[in-house]
Amino acid sequence: MARSVHRQRRGHDTRSAAGIAVSYHQKNQLFHNEAGSSFRETTSEAGPAFELSEVSRGAAFGDIDNDGDIDIVVTNNNGPVRLLLNQTGSRRHWLEVRLQATKSKDAIGARIAV
């Protein structure tokens with residue numbers, strides 16, 4: 001009887017190294033935080049990037065397009081990096097501050113009073 005080669009290492013299944021076809025693709029998903037009490041899946045409302053099946057491994061969050069809302073950059077194994085721009089419209093107040101250095105090339109240690 002042949003022994004099955006199936007081991008877990010660093011979060012990855014090693015069956016593909018043994019010649020067994022394995023797909024790690026999963027449908028992309030997006031969830032909305034419902035005031036800290038639960039999460040509601042909003043994938044169907046999120047646009048075409050969430051109709052894809054990919055091997056996503058990392059994400060970074062920030063205001064990429066400088067419009068006051070949070071955007072997402074997602075990395076994929078053997079695939080493209082995806083920039084997901086939040087186009088829902090900012091519903092929060094925000095303030096942009098541009099610091100200019102006077103004595104050094106960076107504004108490190110600057111103080112802002114509002």
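Colleague: Which residues does Asp71 touch, not counting residues up to four places away in sequence?
Modeller: This is a predicted model, in which local features need pLDDT of at least 70 and side-chain atom pairs count only at pLDDT 80 or more, while totals for chains, interfaces and linings use all residues. Residues are numbered from 1 along each chain as its sequence is written, and side-chain values use heavy atoms, with hydrogens and water left out. With contact taken as heavy atoms within 4.5 Å, Asp71 touches Ala60, Phe61, Gly62, Asp63, Ile64, Asp65, Leu84, Leu85 and Asn86.

Colleague: Does Asp71 count as buried or exposed?
Modeller: Buried means under 20% relative accessible area, exposed over 50%, and partly exposed in between, using a 1.4 Å probe and protein chains only. Because the relative accessibility of Asp71 is 0%, this residue counts as buried.

Colleague: Which backbone nitrogen does the side chain of Asp71 reach?
Modeller: A polar contact is a pair of N or O atoms within 3.5 Å; within protein, one must be able to donate a hydrogen and the other to accept it, and residues adjacent in sequence count only if both are side-chain atoms. Here the side chain of Asp71 reaches, at 2.7 Å, the backbone nitrogen of Asn86.

Colleague: In E8, which residue is the bridge partner of Gly62?
Modeller: Strands (E) are DSSP runs of at least two residues, numbered from the N terminus, and two strands pair if DSSP finds at least two bridges between them. Strand E7 (residues 56-62) and E8 run antiparallel and are joined by six bridges, while E8 itself covers residues 71-76. Within E8, the bridge partner of Gly62 is Asp71.

Colleague: How many residues lie between E8 and E9 in their hairpin?
Modeller: E8 and E9 also run antiparallel, joined by three bridges, and Val73 stands opposite Leu83 in E9. In the turn of their hairpin, Asn78 has a positive phi of about 50°. The number of residues between the two strands is five.

Colleague: Which residues are linked in a network of salt bridges?
Modeller: A salt bridge is a side-chain nitrogen of Lys or Arg within 4 Å of a carboxyl oxygen of Asp or Glu, and by this rule the count comes to three. Arg40 forms one with Glu34, with the closest N and O atoms 2.9 Å apart, and Glu45 forms one with Arg40 at 3.6 Å. The network therefore links Glu34, Arg40 and Glu45.

Colleague: How far apart in sequence are the parts that Glu54 and Arg82 tie together?
Modeller: Glu54 forms a salt bridge with Arg82, the closest N and O atoms being 2.6 Å apart. Because Glu54 lies in strand E6 (residues 53-54) and Arg82 in strand E9 (residues 82-84), the pair ties together parts whose separation in sequence is 28 residues.

Colleague: What accessible area does the nonpolar patch on the surface have together?
Modeller: Patches are made of residues with over 30% relative accessible area and no salt bridge, like charges being joined within 9 Å and nonpolar side chains (Val, Leu, Ile, Met, Phe, Trp, Tyr) within 5 Å. One member, Leu99, is partly exposed at 46%. Accessible areas come from the Shrake-Rupley method with a 1.4 Å probe, and for residues only the protein chains shown count as cover. Together, Leu95, Val97, Leu99, Ile112 and Val114 have an accessible area of about 550 Å².

Terms used. Helices (H or I, at least four residues) and strands (E, at least two) are DSSP runs, numbered from the N terminus.
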